[in-house]
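Subject: Structure for you to look at

Hello,

Here is the structure I said I would pass on. My notes follow below it.

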Amino acid sequence: KLDEAEAHFRRAIEVNPDLAVGHCNLGIVHRQRNKLPEAAEAYREALRLDPDFAMAHLHLGTLLLQFGKREEARAHLGEAVRLDPFDPFAAFNLAVVLRTGGKPAEAADQLERALELEPGFVPALVSLALIRATSVDESLRDGPAAVELADRACSLTQHRHPEALHALAAAYAEVGRFADALGVGGRQGVQGL
């Protein structure tokens, strides 16, 4: 009911133009409608009204990441984590920015944080398993941990999540279980592992 939600948020903003949460929620509606510039504008307005609004930082940061504006995304996601250290999604999204920005150790720290907060967070399990299985930084590699993380992600998704299966295959390869690595794709019908 996006039309109804948008009408309510617009009415709330009309009644109270300084309502940061109203602007942020309007941004969420815009994003769901794929009106990305309007979403960014709404999140920015929410932050103008309340610079310490963690949820607006999170949403703007993830949107900026989608636009490829990595440094600006990193700043907003870092603020989201600082302002709400108990949000696993903020930690995960900051990890994505850090990993794609060539900072795998910092990314691993954020993924660990996300998993402490939400142990069954499959995207974080997969991402950390891949770092532990494939990082060029030997200090980050830990094959047994990668297997455990990927196996947990596969169990949680009933072995139907392609990225979790890919991570499990990479983890098996890291610990020298090459037949098992090849078998992950064959058993589940996943190609290209």
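The chain exposes about 10,000 Å², and carbon and sulfur atoms supply 52% of that area; accessible areas come from the Shrake-Rupley method with a 1.4 Å probe, and for residues only the protein chains shown count as cover. Please note that this is a predicted model, in which local features need pLDDT of at least 70 and side-chain atom pairs count only at pLDDT 80 or more, while totals for chains, interfaces and linings use all residues. Residues are numbered from 1 along each chain as its sequence is written, and side-chain values use heavy atoms, with hydrogens and water left out.

Overall layout

There are 11 helices and zero strands in the chain. Both kinds of element are DSSP runs numbered from the N terminus, helices being H or I with at least four residues and strands E with at least two. The C-alpha atoms fill a box of roughly 65 × 35 × 25 Å along the principal axes. Of the 193 residues, 44% count as buried; buried means under 20% relative accessible area, exposed over 50%, and partly exposed in between (1.4 Å probe, protein chains only). Among contacts (heavy atoms within 4.5 Å) with a separation of 6 or more, 47% are between residues 24 or more positions apart.

The side chains include 21 positive and 28 negative ones, and the centres of the two sets lie 4 Å apart. Lys and Arg count as positive and Asp and Glu as negative, with His and the chain ends not counted; the charge is placed at NZ of Lys, CZ of Arg, CG of Asp or CD of Glu.

Core and aromatic rings

The largest nonpolar core has 57 residues, and those with the most contacts inside it are F53, L111, L115, A124 and V126. Helix α8 gives the largest share of this core, nine residues. Such a core is a set of buried Ala, Val, Leu, Ile, Met, Phe, Trp, Tyr and Cys residues joined through side-chain atoms within 4.5 Å. Leaving aside neighbours within four places in sequence, L111 is in contact with F92, A95, A124, S127, L128 and I131.

The structure holds two aromatic pairs. Rings of Phe, Tyr and Trp (its six-membered ring) pair if their centres lie within 6.5 Å; planes under 30 degrees apart count as stacked, over 60 as edge-to-face and the rest as tilted. F92 and F121 have ring centres 5.2 Å apart and planes at 50°, so this pair is tilted. F92 sits in helix α6 (residues 88-100) and F121 in the loop between α7 (104-117) and α8 (122-134), so the pair ties together parts that are 29 residues apart in sequence. F92 is buried at 14% relative accessible area, and F121 is buried at 9%. Together with F89, these two residues form one aromatic cluster.

Individual residues

T134 is in helix α8 and is partly exposed, at 38% relative accessible area. Apart from neighbours within four places in sequence, T134 is in contact with R99, R141 and A170.

N34 has a positive phi of about 65° although it is not a glycine. N34 lies in the loop between α2 (20-32) and α3 (36-49) and is exposed, at 57% relative accessibility. Q158, also not a glycine, has a positive phi of about 55°. Q158 is in the loop between α9 (143-156) and α10 (162-174), and is exposed with a relative accessible area of 57%.

Regards
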